[in-house]
Amino acid sequence: LSVALCAGTVRCAMASGASLRRDYCVIGAGPSGLQMAYFLQRAGRDYVVFERGHAPGSFFALYPRHRKLISINKQYTGKSNSEFNLRHDWNSLLSHDRRLLFRRYSGDFFPHADTMVRYLEDFASLLELQVQYNTAIIHVTLDADPQAWNGHYFVLMDQNRQKYKCSSLLVATGTWVPNVVNFPGSEYVEGYETVSINPEDFAGQTVLILGRGNSAFETAENILGVTNFIHMVSRSRVRLSWATHYVGDLRAINNGLLDTYQLKSLDGLLEGDLEDLAIVKDKKGKLHITLRYYLENRNTSAGIDSITLPQDELDNFATRAPYDRVIRCLGWKFDFAIYNRSLRLMPGKGNKNKYPQIKPSYESRGTRGLFVLGTASHSVDFRKSAGGFIHGFRYTTRAVHRLLENRHHGVPWPSTVYPITQLTNSIIKRVNEASGLYQMFSVLADIILLRENATAFEYLEEYPVGVLAELETQTGRKAANGLFVIVMEYGRNFSGADKDVFYYNRAVGEAQHAWQSNFLHPVIYYYKHLPTEREMRLRPPDWPLPRPDAIHHIVEDFLTDWTAPNAHILPLRRFLENCLGTDLRNFFAESCFLFAFTRQKLPPFCQQGYVRMQGLVGTKRLQGHAVEAGLLENYTSTDFAGDRLLGSREESQEQLLQDHAMPVRPLQHLVNAKDE
């Protein structure tokens, strides 16, 4: 059943107290906020987007500081399929307007950040999205109300003390609060958000960078050619994106410092806990690195001469040389400050503490009706998939919208019903084209719901696998007869900071070894029954899904083109046939005709095609091809006595082809009689 968000007109009447009321409130007009606005507008929903800046995408107006994006903008793929091309377009948002493809804005493989700002402005204006600019939401709380669908409304207040009452709250603010580490002397540290981007300001200087992500290496890359040397310190080792297969790790475009470090050109990387450090400034303005415990019970204002430095005890201490500048590049975190405690929007645990805690459905764990979108929702797939980046969250945002459509408006998850004979083709088409599956690997899945007796199936695209147990409730679709789940996966032991991903024989090519595939490839899970929540909780470590009744890996492909008849399609079809206990092959009319007299049950293709007078019409050319391929007997090569009744041999062949397309009413009577 649908739940009405707000009774009455599309926009509810203003409540006493002059609060503006909306069904959906979106905070933030960045990429994810605009993406959600697009889907809400296309569905005709009552919504508003609040943006603190004067234009959308205010984050990209400042970041990255050195103005080069690391999201690829591939102009050419050799294919015209728009869905496939989105696999290699990491900047475009989803829309029906082909003018709003990012490649129309920039030809650069790594575009300039200003281009993203212009793109987002056009996306909002051309699609006429309802964005309220110069509106900074400074406080969010709950207002209990028994008339609300979930027992409360969200009350938002802006910088002018104007209040807004919303039935559902969609948070798309991203992570923009800089991560700061406090230690003795941290006041001497410059932040990534304010440090100069002019390389000449660093000429002849010695620089220490705190952090080891893309912002740290981006900063180093900018000044690499003008500094004396650069040292970089962080608590964890460097993680290369080509080894971890996580696009948020260090990308090759920024890793020049690794060259100069490993080739011994003065620059270097160090590991250490930043909270254990301390910085002491000498009379010449130089910054000396020491350890916090050396400063305990000491008066740092007494001067550096009275402070013990590590090199006083260990004369080859790595950071004994003084630095001219120390730069903090530690990334960002979510802004929790504006949310009242009543919302129970809490930070995640461990390395996810920079994100709010949310469910796999992207809804807050503490408050129903509050959804987190975009980069801030990355806790669902942190360090696993692309949910923290445009080319990932454009699909998760669409998934959230579909969940909302079903919950509040009774609109089931979009699906298409096909006859069972199209099962193999449907899977092959999707794994070769689908962009959402490809980018959000192991997170979004295509779901195939089988109909009774496996005569047909219902196909749902890009559903969050984390809420598979809730599929019937979340989608409005029934899974009573079993299901297939299609996801894309890397090999279990192929990704990691310490992995050698270039080792010899790193890829497999034989179908029988498909389960050992390392690179991204399709995996099909078969369940006789929908997995329960308990089964989801107890699934094996690093598995996106519980153990299935059967599983099939389509062998990895160097071209990511899974259309090879023997290596890809045939093993898949046989797997599906084994799961369903049926024959999914396609047959010529002659074979169906013979099966009708020799089998108790016709294959689905014959039942749904030939018996219903559907399929290919016989021709000379088609029969000749079938004979050459060994698929049909060449009956015209035998001189039957009855041929005299048909005239010449040519006439006999034409008559035989016509017989293959004979009226099927008598045949149906035969089949029905046998079944009875």
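What follows is about helix 1 and how it packs against helix 4 and helix 9. Which residues of helix 1 meet helix 9?

Reply: This is a predicted model, in which local features need pLDDT of at least 70 and side-chain atom pairs count only at pLDDT 80 or more, while totals for chains, interfaces and linings use all residues. Residues are numbered from 1 along each chain as its sequence is written, and side-chain values use heavy atoms, leaving out hydrogens and water.

First, the setting. The protein chain has 676 residues, 51% of them buried (under 20% relative accessible area, taken with a 1.4 Å probe and protein chains only). It holds 20 helices and 22 strands; these are DSSP runs numbered from the N terminus, with helices (H or I) of at least four residues and strands (E) of at least two.

Helix 1 covers residues 31-42. Two packed helices are described by the angle between their axes and the distance between the axes. Axes are lines fitted to C-alpha atoms, for helices over the stretch in contact, and the angles run from 0 to 180 degrees between N-to-C directions.

One partner is helix 4, residues 113-126, at an angle of about 20° and with the axes 11 Å apart. The two helices are therefore roughly parallel (under 35 degrees; over 145 is roughly antiparallel, 65 to 115 roughly perpendicular and the rest oblique). Their crossing is left-handed, meaning that the near helix is turned anticlockwise from the far one by less than a right angle, whereas clockwise is right-handed. Pro31, Leu34 and Tyr38 of helix 1 make the contact with Leu120, Phe123 and Ala124 of helix 4; contact means heavy atoms within 4.5 Å. These residues divide into 6 nonpolar, no polar and no charged. Nonpolar here covers Ala, Val, Leu, Ile, Met, Phe, Trp, Tyr, Cys and Pro; charged covers Asp, Glu, Lys and Arg; the others, Gly among them, are polar.

The other partner is helix 9, residues 390-409, which packs on helix 1 at about 35° with the axes 9 Å apart. This crossing is right-handed. To your question: helix 1 contributes Pro31, Ser32, Gln35, Met36, Phe39 and Leu40. They meet Ile390, Phe393, Arg394, Thr397, Arg398, Val400 and His401 of helix 9. This contact divides into 7 nonpolar, 4 polar and 2 charged residues.

How values were computed:
Buried means under 20% relative accessible area, exposed over 50%, partly exposed in between (1.4 Å probe, protein chains only).
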